[in-house]
Amino acid sequence: MASGSQLEAIKRAKVLMVGAGGIGCELLKTLALSGFRDIYIIDMDTIEVSNLNRQFLFRQSHVGQSKAKVARDAVLKFRPHINITPCHANIKDPEFDVEFFKKFNVVLNGLDNLDARRHVNRLCLAAEVPLVESGTTGFLGQVTVHVKGKTECYECQPKPTPKTYPVCTITSTPSKFVHCIVWAKDLLFAKLFGDKNQENDLNVRSSDGTNSTNHTEDVFERRTDEDPEQYACKIYDHVFGYNIEVALTNEETWKSRNKPRPLYVRDVLPDNLIQQNGSLENSVTEESVVSSMSSLGLKNPQDIWSLSENSKIFLEALRLFIERRQKDIGNLTFDKDDQLAVEFVTAAANIRASSFGIPLHSLFEAKGIAGNIVHAVATTNAIIAGLIVIEAIKILQGDFENLRMTYCLEHPSRKMLLMPVQPFEANKSCYVCSETPLLLEINTRTSKLRDFVEKIVKNKLGMHSPLIMHGSTLIFEAGDGLEEDVVANYALILDKALAELPAPVTSGTVLTVEDLHQEFSCNINIKHREEFDEEKEPDGMVLAGWIAPTQKDARIVSNGESTSAAHPAVTEMVEKSDDVEIAREKPGTKRKLSEMSEMIDHVHDIKPCSSHDVGDQVHPQEVEDNDDDDDIVILDENPETRKKKRLQ
Ligand SMILES: Nc1ncnc2c1ncn2[C@@H]1O[C@H](COP(=O)(O)OP(=O)(O)OP(=O)(O)O)[C@@H](O)[C@H]1O
Ligand SMILES: [Zn+2]
């Protein structure tokens, strides 16, 4: 029961809620029932059937409608007199600028991606509005609070980077099903249905053994006289048969590994395959979702298909893409909600797995791996939403002393499901909330402005509409509303090496990079470096100067006993600590735990590797083998052993 002063603060508060999904639905309900009266809610999505099991404000009849609007209507049914303003929009739209943010007393995030979270963080800092940030991954979750000048900001700690796999493991030597999924999704699917101009590491060889670059025919191009079935068989034979035969010629590779088996349509399927394959075409109606499973009469997504069933699905899905989804071809990126794409990727991954002697998986499992899905747990969302409201109330009352970051653990430690931790102070070298410049080591003679913009400014710094200045000279800008000739001029400049720009960027140059939409600016000191290690520094540049505070001075101390952990994950804390609060070495300050919120946003990535580095200590293959492909570290159920176990 809220006290009088709490109720006053609640009644007066203007709250901005971003995201009306799993956490958002719970949050809106809890805010309304706690007495909040003025809530602005932004969500860019419409309701999908898959949301209904946990986003309880939505019903089947709402599918296709704006989440923000339906959530508002649902809550007004039991709290008719409060003011909820729904907005079906992207929080990154320019209208949600710093002035907009300033209208609110607190911002509450129920988002599901790093990009939007960083954007909100920057605007909250600029507008000086406190932010309560949240995330859940299955049974795990956390609520963190970010108040400018009092706590760290959301970006003070580097976020976990996406899981990457060495290119050679993916293209040549898969040893786990996830490698086959990454191959099927990021290479084969992208090659067949994605942007033709993008770089792709899939071996594109023509059937006579020469590399396609030296040969007139590209197997992936469909000839005009080739019908979809023939084309599908050609692709099958090429990627599962011919390419494997070519790989087998490299005997070195197979000395210490099991050899893969080349697979050809003629061996895997009966001769009359093509007729069989297309014979159920009539079962696919115009209105229904295009699906090779239903076309072939396979119903249960939890069944593990045989090699021949996977082969049929592969050929049928490819045929259906050509015949029914022609307009999408060339623009597709894998989407876990695209049934035909999931079927194709499952089948392709399973056929490859079969070739390499890796156990096959069901469509349900494959979809989970391909879409990085950790199944959402409604109760975790409800707990997290409750905690968001508790922290929001403290903020509204100005009770900053008692703010807590709270972690929801899957396996309660010392009978505690929730672990509250005092917020950590701001990282003095955070490039977002402090003015600390970054340092970029780059080959200024060979790296193009485009590389700098894409790899550093957009990917690493998360800017969308950047403006790059060299002193008072504007080098580059991107974003909507630029004149055509300006855009054309920048397009030319992008292909120039940094040192050859009209205002040359060389060692010692300080660049200022700004994103006006994010009200965010930072300086980057440029240091020329001639060479980079292709394997360890695949970007060909290294951004430094953004040091997590944990690296230097923070260590976990539990009951007076320090450990050497540099950047503790929540589970390590559970493992080693008897206390809820964890003191830094410096007495009187407390440290918070590393973030888990991005775990769910992880994507599988591929990084380059050379082919002869097996056995090397730092070889990615070895790292990956030990690492077991995991994103989330959890504790073993048995508290005695307290071993770390990993959750895929
Ligand atoms: N940039 C953004 N602007 C506005 N809303 C956003 C933005 N990014 C994400 N969201 C919203 O945040 C919500 C996150 O909710 P949740 O994590 O439950 O995801 P979901 O898409 O509803 O479910 P799932 O991904 O599990 O199918 C979504 O409703 C999504 O539309
Ligand atoms: Zn910061």
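This report walks through a predicted model of one protein chain, from its overall make-up down to single residues.

## The chain as a whole

The chain has 648 residues, and buried residues make up 50% of them. It contains 21 helices and 20 strands.

How much of the contact in this chain links residues 24 or more positions apart? Take the contacts with a separation of 6 or more. Residues 24 or more positions apart account for 67% of those.

Helix H7 covers residues 177–193, and helix H14 covers residues 339–355. These two helices pack against each other at an angle of about 125°. Their axes are 8 Å apart. An angle of about 125° falls between the cut-offs of 115 and 145 degrees, so H7 and H14 are oblique to each other. H7 passes H14 in a right-handed crossing.

Which residues meet where H7 and H14 touch? On the H7 side they are Phe 177, Cys 180, Ile 181, Trp 183, Ala 184, Lys 185, Leu 188, Phe 189, Leu 192 and Phe 193. On the H14 side they are Ala 341, Phe 344, Val 345, Ala 348, Ala 349, Asn 350, Arg 352 and Ala 353. By type, the residues of this contact divide into 15 nonpolar, 1 polar and 2 charged.

## Aromatic rings

The structure holds 19 aromatic pairs. One of them joins Phe 189 and Phe 321. Their ring centres are 6.0 Å apart, and their planes stand at 75°. That angle is over 60 degrees, so the pair is edge-to-face. Phe 189 sits in helix H7, and Phe 321 sits in helix H13, which spans residues 307–324.

Another pair is made by Tyr 431 and Phe 520. Here the distance is 5.9 Å centre to centre, with 45° between the planes, and the pair is tilted. Tyr 431 lies in the loop between strand E9 (416–421) and strand E10 (438–442). Phe 520 belongs to strand E14, residues 520–528. Tyr 431 is buried, at a relative accessible area of 1%. Phe 520 is buried as well, at 5%.

Some rings group into one aromatic cluster. Its members are Trp 183, Phe 189, Phe 193, Tyr 236, Phe 240, Phe 314, Phe 321, Phe 334 and Phe 344. Among them, Trp 183, Phe 189, Phe 193 and Phe 344 also take part in the contact of H7 with H14.

## Buried threonines and an asparagine

Thr 380 is found in helix H16, residues 378–397. Its relative accessibility is 3%, so Thr 380 counts as buried. What does Thr 380 touch, leaving aside its neighbours within four places in sequence? The partners are Thr 136, Gly 138, Phe 139, Leu 140, Gly 141 and Cys 408.

Thr 30 is in helix H2, residues 22–34. It is buried, with a relative accessible area of 16%. Setting aside neighbours within four places in sequence, Thr 30 is in contact with Ala 385, Gly 386 and Val 389.

Asn 372 lies in the loop between helix H15 (363–370) and H16. At a relative accessible area of 15%, Asn 372 is buried. The C-alpha atoms of Asn 372 and Lys 336 are separated by 8.9 Å. Along the chain, these two residues are 36 residues apart.

## Two glutamates with positive phi

Glu 128 has a positive phi of about 55°, although it is not a glycine. Where is Glu 128 placed? It is in the loop between helix H5 (114–127) and strand E5 (131–137). Glu 128 is exposed, with a relative accessible area of 58%.

Glu 519 is a residue other than glycine, and its phi is positive, near 55°. Glu 519 sits in the loop between strand E13 (510–515) and E14. Its relative accessible area is 43%, so Glu 519 is partly exposed.

Technical notes:
Residues are numbered from 1 along each chain as its sequence is written. Chains are lettered from A and ligands numbered from 1 in the order in which they are written. This is a predicted model: local features need pLDDT of at least 70, side-chain atom pairs count only at pLDDT 80 or more; totals for chains, interfaces and linings use all residues. Side-chain values use heavy atoms; hydrogens and water are left out. Axes are lines fitted to C-alpha atoms, for helices over the stretch in contact, and angles run from 0 to 180 degrees between N-to-C directions. Helices (H or I, at least four residues) and strands (E, at least two) are DSSP runs, numbered from the N terminus. Angles under 35 degrees count as roughly parallel, over 145 as roughly antiparallel, 65 to 115 as roughly perpendicular and the rest as oblique. A crossing is left-handed if the near helix is turned anticlockwise from the far one by less than a right angle, and right-handed if clockwise. Contact means heavy atoms within 4.5 Å. Ala, Val, Leu, Ile, Met, Phe, Trp, Tyr, Cys and Pro count as nonpolar, Asp, Glu, Lys and Arg as charged, and the others, Gly among them, as polar. Rings of Phe, Tyr and Trp (its six-membered ring) pair if their centres lie within 6.5 Å; planes under 30 degrees apart count as stacked, over 60 as edge-to-face and the rest as tilted. Buried means under 20% relative accessible area, exposed over 50%, partly exposed in between (1.4 Å probe, protein chains only).
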